[in-house]
Amino acid sequence: MHLKNRILVTGGCGFLGSHICDELVNQGHEVLCVDNCFTGTKRHVRHLLEHPNFEFMRHDVTFPLYIEADQIYNMACPASPIHYQYDPVQTTKTSVHGAINMLGLAKRTRATILQASTSEVYGDPEIHPQVESYWGRVNPIGPRACYDEGKRCAETLFFDYHRQHHLKIKVARIFNTYGPRMHPNDGRVVSNFIVQALKNQPITIYGDGSQTRSFCYVDDLVEGLILLMNSKEEVTGPINLGNPTEFTILELAQRIIDITGSRTQIVNKPLPQDDPKQRKPDINLAQKELNWTPHMSLAEGLKKTIAYFERLISE
Ligand SMILES: NC(=O)c1ccc[n+]([C@@H]2O[C@H](COP(=O)([O-])OP(=O)(O)OC[C@H]3O[C@@H](n4cnc5c(N)ncnc54)[C@H](O)[C@@H]3O)[C@@H](O)[C@H]2O)c1
C-alpha cells in the first residue's frame, strides 16, 4: 500500500477528489488531478500545486486521456441534483463516456480502477438498509435519471471490462458524505443547512423532515476508498461505503442550529420528485472485506464542517 504509485484522480478538484489527492500526496504517491472545474475548483488543491508529487490538468473525461497510471480513482461527475440536472445530457456523458475513456486507459496501462458509484443506484429503495445485492428501484425517465442511470451504466461497463478484458476494478457505492470543501450552494442538505444557519436565514426542510439520511464524514470515506483500491484483486465490489447511523432531516437541522447558535427558523417545503424517504447503508461487506468502519461522530464532523463554512463565508 505504501509503495509509490502514479495515481490519477479524475474530479480531483471536487469535494471528495481533493481530499483523496491530499491523502495520496501525504502517503508519498505521485498524483495527477484531472478536472474540467465544472463543480470543483482549483482552490481545493491550491496548497498542493507546488508539491513535487502533484500535478493538475484541466481536462473533460468525456474525451480520451493518454497518460500513464498505476491506479485510477474515477471521481469526475457532478454529484448534487442542482448540478447534475443543470445539463443532464452532459451528466450522462460524464458517467458513461467518462467511464469508457477511463476504463480504456486502465486497459492500456493495466491500472487498477476505482469507480465512485453512489447509493442513488438503489433509487427509492424498497429494502432498508440497502445491501449490495439489492438491484434498486430507479425511475429511468425522471429528472434524477441522468445521474442514477448514468452511474448504473458505469457500473455495468466496469463489470463488463472486468469480465471481458480482466481489468482490476473496484466499485464503491458511496452514501451521503459531508465535510469541508462541500459546495456552499449545491442544495445538499448538510451544506444547505449550515450556510442557512450561519447566515441566520430560514432552514428549508423538504417534506416534514421525518425522512432519514445517514451522513459519513469525508475523512472516513476517503479511508474506505483507499482501502478498497488497495484491497485484494478479487474484491471488486460493488461495496457500500457510508455511515449507517441514521438521523432524520429534522434532527440534523436541530443539531446544526445548536452548534452554530443560529437565530434561524425552520420552514417546510414540498418534497421534490423521486426523493427517497430512507437511505442507510448496510456496511457489513466493507467491514468484512476492508476491515473498515467510519469513526467520526456527527457532532464532531459537523463542528469541523461548520468551522470551514464560517471561514468561507467570512472570506
Ligand atoms: N459527496 C457525496 O456524498 C457522494 C455520494 C455518492 C457518490 N458520490 C460520487 O463521488 C464523486 C465525487 O463527488 P463530490 O461530492 O466530490 O462532487 P463534486 O461535484 O464536488 O466533484 C466532482 C468533480 O468532478 C468534476 N467534473 C465533473 N464533470 C467532469 C468532466 N466531464 N470531466 C472532468 N471533471 C469533471 C467537477 O468539476 C468536480 O471537481 C462523484 O462521482 C459522485 O457521483 C459522491
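**View 1. Residues lining the second largest pocket.** V121, Y122, E132, Y134, W135, R152, E155, T156, F159, R163, R173 and P238 line this pocket. A pocket here is an open set of points on a 1 Å grid over the protein atoms alone, where a 1.4 Å probe fits, with protein on both sides within 12 Å along at least five of seven lines; lining residues have an atom within 4 Å of a point. The model is predicted, with local features needing pLDDT of at least 70 and side-chain atom pairs pLDDT 80 or more, while totals for chains, interfaces and linings use all residues. Numbering runs from 1 along each chain as its sequence is written, and side-chain values use heavy atoms, with hydrogens and water left out.

**View 2. What the second largest pocket is made of.** Its space comes to about 270 Å³, taken as the volume filled by probe spheres set on the points. Helix α4 (residues 145-165) gives the largest share of the lining, 5 residues. By class, the lining has 6 nonpolar, 1 polar and 5 charged residues.

**View 3. The open sheet.** Its 7 strands run in the order β3-β2-β1-β4-β5-β6-β11, with parallel pairing. Strands are DSSP runs of E, at least two residues, and helices runs of H or I, at least four; two strands pair if DSSP finds at least two bridges between them. At the edges sit β3 (54-58) and β11 (239-241), each pairing on one side only.

**View 4. Helix α1 on the sheet.** Helix α1 (residues 15-26) lies across β1, β2, β3, β4 (71-74) and β6 (169-174), at about 165° to β1. Axes are lines fitted to C-alpha atoms, for helices over the stretch in contact, with angles from 0 to 180 degrees between N-to-C directions; contact means heavy atoms within 4.5 Å.

Definitions and conventions:
Ala, Val, Leu, Ile, Met, Phe, Trp, Tyr, Cys and Pro count as nonpolar, Asp, Glu, Lys and Arg as charged, and the others, Gly among them, as polar.
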